[in-house]
Amino acid sequence: MTILEVHVDSKEILKPSSPTPPHLNLHKLTFLEQFIPPYYMPVILFYKITNGEQKLHQLKLSLSKTLTKFPPVAGRIRDNLSIDCNDEGILYVEAQVNTTMEDFLHDIDIKFLERFLPCGKAPTGPITQAFQAAIQVTVFQCGGLVIGGYFSHKIMDAVSVSCFLQSWVQTFKGINHKSLLPDFTSALAFFPPQDYILPPGEDSVTYDTDDTCKIKRFVFSASAIKALKAKAISDLVPHPSRVQVISAFIWKHALAALNKLNKVPQNGKGKTSYFTHTINLRNPNLTPLSLRCMGSLTLGSVASIGWDEKEQDLSGYVAKVHEAILKVNKEHVNKFRGEEALEAMWADAEMLLFGREGIYMCASMCKIGFNDLDFGWGKPIWGSPWAGVPTLAERNFLILVDFNGGEGMEAWLILEKQEMTILETDEEFLKFATPITGIHI
């Protein structure tokens, strides 16, 4: 097996192609963003083409132009209240890899994915000096191309990252329409900031890796999802979504693995397991914010199940998840806007000690545009929402992404190694979830 080697051809600070107007030099963080930990979200997209090297110049040029529409992305965090939109730029890297895309994707080693990202591991250091984005474009020997990026979750959630990348695609193609411009003001007006000082240690980007965990990818085919939905239907939830069904199914079997090891949830609230979904607030049922609103605009729904209830069937788990999501309604969201905001933010903090046994978190990146990012040479054949070794806070983390054109679903799951080993031999789980290591192109 060839040892994967990535050779960096160039590394630079890429700045906007034109300066930010003075009246846009300061961007305030929303109340929600004030509480977002300073860490980076990776996105890696693989494009099957034969002339990737010929695309590099135009990709770089169009990215620089794109930054002019996103002043905070090229800026630096001043404090926990604002960003200086000072055009200091983002990290931009061009590289080559010593293999073909087909060979790499045939048997993907997840720990190698970070080599398609600038700096390899995510940037660390004081948040006032940190890039808001860092992008690497890598060309395979066959001409295939990979675009990998780190994006600051302090100012961008998955929808915002997708919006930024869509704008880059349109700029590359020469499309310039006002309807595609990002909105940096509506979220701030809806969630005004408060005087909140970051606790010691949270003013720097740090990562404490957790070698006791394992990352595994499972695919749920369209037929498997259909079969699980049939099992999940109940009077309470007659039409469960595929995200609700798959996440509840994984929650149920993760708890079974925990139980088999004679472990119980550890959260300070008794023997209760919690499952959190990130909820996109750009939803007319929740807020007036559109999909063009930039920011980290999510809240969590929290489902719980007592240890004595863990043996119930899938429909019971789905009902718990569904009920928790329904509780994130307009009334709940409005608590994060006024005098109750701080109290609402801390209400579940003690309960949601992520990384503890029996506490799980799910983020869905389905149907938000990553699979449709076509620069003109076709959509990505595969994308990764993960890279490297998980951190302590990422134990029991689940990421759901579209698979096979959106018909299926790919689940990236991080569990303690013993728990994962049990899950990998769970016959009932494997009837619907297929472990995969490669992608055939």
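What is the volume of the second largest pocket? The model is predicted, with local features needing pLDDT of at least 70 and side-chain atom pairs counting only at pLDDT 80 or more, while totals for chains, interfaces and linings use all residues. Residues are numbered from 1 along each chain as its sequence is written, and side-chain values use heavy atoms, leaving out hydrogens and water.

**Exercise 1. Describe the second largest pocket.**

Step 1: Its volume is about 460 Å³. On a 1 Å grid over the protein atoms alone, a pocket is an open set of points where a 1.4 Å probe fits, with protein on both sides within 12 Å along at least five of seven lines. Volume is the space filled by probe spheres set on the points, which are joined across faces, edges and corners.

Step 2: The lining has 24 residues, and Phe 370, Asn 371, Gly 383, Asp 402 and Phe 403 lie nearest the centre. A lining residue has an atom within 4 Å of a point.

Step 3: Strands E3 (40-47), E15 (382-384) and E16 (397-403) each give two or more residues to this lining. Strands (E, at least two residues) and helices (H or I, at least four) are DSSP runs numbered from the N terminus.

**Exercise 2. Work out how helices H6 and H7 meet.**

Step 1: The axes of H6 (residues 222-232) and H7 (residues 242-260) come within 10 Å and cross at roughly 80°. Axes are lines fitted to C-alpha atoms, for helices over the stretch in contact, and angles run from 0 to 180 degrees between N-to-C directions.

Step 2: H6 is therefore roughly perpendicular to H7, a label for angles of 65 to 115 degrees.

Step 3: Ile 225, Leu 228, Lys 229 and Ala 232 in H6 meet Arg 242, Val 245, Ile 246 and Phe 249 in H7; contact means heavy atoms within 4.5 Å.

**Exercise 3. Find the order of the three-stranded sheet.**

Step 1: This open sheet runs E2-E5-E4 with antiparallel pairing.

Step 2: Two bridges link E4 and E5 (residues 82-84), and Ile 77 stands opposite Ile 83 in E5.

How values were computed. Parallel < 35°, antiparallel > 145°, perpendicular 65-115°, else oblique. Pairing = 2+ DSSP bridges.
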